[in-house]
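Let's read a fold together, one feature at a time. Please have the sequence and the model open side by side.

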Amino acid sequence: MPRPGAPVLVMGVVNVTPDSFSDGGRFVDHAAALAHARALIAQGADLLDIGGESTRPGATPVAAAEEIARVVPLIAALRAESAVPISIDTMKPAVARAAVDAGAGVWNDVTALGFSPEAPALAAELGCEVVLMHMQGEPATMQAAPHYEDVVGEVCGFLAGRAEAAIAAGVARERIWLDPGIGFGKTLAHNLALLSQLERLVALDFPVLLGASRKSFLRALDPAAADPVCRLGGSLAAALAGAGAGVAAVRVHDVAETVQALRVWAAIRA
Ligand code: HH2
C-alpha cells in the first residue's frame with residue numbers, strides 16, 4: 001500500500017457473509033460478491049477488504065474452512081483479472097495463509113495478531129502488510145460494558161505494543177498499519193474521543209486505517225439512521241475527520257461517494 005503523505009486511500013468493503021451488520025447476505029453468492037468487488041474497483045477503490053466472517057456485536061463465529069471457502073474463490077477470481085491490492089479481513093491464521101496464497105497482500109486483523117500465538121510469526125513468514133486493529137473484548141460481548149480510564153491513551157498504548165510484538169516476530173516495520181477499531185468495544189463517547197484525537201494515533205508514525213463507515217455510533221447521533229445504508233452522511237463526516245487528522249486510508253462501504261468527498265476535501269486543502 002502507498003504511504004501517508006499521499007492522498008487518503010479508499011478501502012472498499014466486500015463482505016462475503018450472511019450476517020454482516022450493513023450488507024449481510026447481499027454478497028454471499030460468488031457471482032454477486034465478484035460483481036460487487038468489480039463495482040467498487042470501478043468506483044475508485046484503491047484496495048478491497050474481503051471478509052468471510054462478521055465481527056459485528058453478537059456475531060456468530062465461523063469455522064476456518066467455511067471462511068476459506070467464502071473468500072478464497074473471490075480473491076483468486078479478482079487476482080486473475082485485476083491488480084487491485086486485496087486485503088483479507090480475518091483473525092484466523094489459516095484463513096490469512098490461504099488468502100495470501102490466493103493473492104491477498106494485506107492481512108487485516110481485528111485482533112491485532114492476538115487471536116492465536118502463532119499469528120505474528122505467520123504474518124512475518126507471509127511477508128504481507130498487516131493492519132493491527134484495537135478491540136476491547138470479543139465481538140460476541142464487546143458492546144456489553146466497554147470501559148476505559150483514558151480511551152485514546154489505552155488504544156494508542158495497545159497498538160504500539162502490538163506493533164512492537166509484530167516487529168519482534170519479524171514483521172517489517174514499514175508493513176504495519178494501525179486502526180483504532182471504531183465500534184469495537186466502545187461507547188459513543190469512546191468513539192468520539194478517538195475520532196477527535198486521531199492525531200495521537202497518527203503520531204505513532206505508522207499509517208493509520210480508519211473504519212467508521214455505517215457504524216452504530218452514527219445512529220446514536222441520528223436516530224433516523226436506523227438502517228445502516230442511511231448512514232452515508234455520517235460516514236462521510238467521519239472519513240473527512242480522519243483525512244484532516246492525517247489517516248492514510250479509510251475503510252468504507254460507499255466507495256464512489258467517499259472518493260468524491262475526499263477529492264473535494266483535497267482540492268480545498270491544496
Ligand atoms: N470494521 C469491521 C470489520 N473489519 N477492520 C478494520 N481494520 N477496521 C474496522 O473498523 C473494521 C474492520 C466491521 O464492519 P463490516 O465488515 O462492514 O461488518 P461485519 O463485521 O459485520 O462484517
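Q: What should I know about the model before I start?

A: This is a predicted model: local features need pLDDT of at least 70, side-chain atom pairs count only at pLDDT 80 or more, and totals for chains, interfaces and linings use all residues. Residues are numbered from 1 along each chain as its sequence is written, and side-chain values use heavy atoms, with hydrogens and water left out.

Q: What is the strand order in the open sheet of eight strands?

A: Strands (E, at least two residues) and helices (H or I, at least four) are DSSP runs, numbered from the N terminus. Two strands pair if DSSP finds at least two bridges between them. Here the order is E6-E5-E4-E3-E2-E1-E8-E7, with parallel pairing. Strand E6 (176-179) and strand E7 (209-210) are the edges, each pairing on one side only. E1 and E8 are joined in the parallel sense by four bridges, and Val10 has Val250 in E8 as its bridge partner.

Q: Which way do the side chains of strand E4 (residues 106-109) point?

A: In a regular strand, side chains alternate between the two faces of the sheet. In E4, Val106 and Asn108 point one way, Trp107 and Asp109 the other, and all are buried. Buried means under 20% relative accessible area, exposed over 50%, and partly exposed in between (1.4 Å probe, protein chains only).

Q: Which residues of H10 are buried?

A: An α-helix has 3.6 residues a turn, so residues three or four places apart point the same way. In H10 (residues 255-269), the buried ones are Val255, Thr258, Val259, Ala261 and Leu262. They lie on the same side of H10 because they cover an arc of only 165° around the axis, taken from the directions from the helix axis to the C-beta atoms. The face turned away carries the exposed Gln260, Arg263, Ala267 and Ile268.

Q: What do the buried residues of H10 pack against?

A: Contact means heavy atoms within 4.5 Å. Their partners are strand E1 (9-15), helix H1 (30-42), helix H9 (232-245) and strand E8 (249-252).

Q: Is His134 buried or exposed?

A: His134 is buried, with a relative accessible area of 5%. His134 sits in the loop between strand E5 (129-133) and helix H5 (151-168). A polar contact (a pair of N or O atoms within 3.5 Å; within protein, one must be able to donate a hydrogen and the other to accept it, and residues adjacent in sequence count only if both atoms are side-chain atoms) links the side chains of His134 and Lys186 at 2.8 Å.
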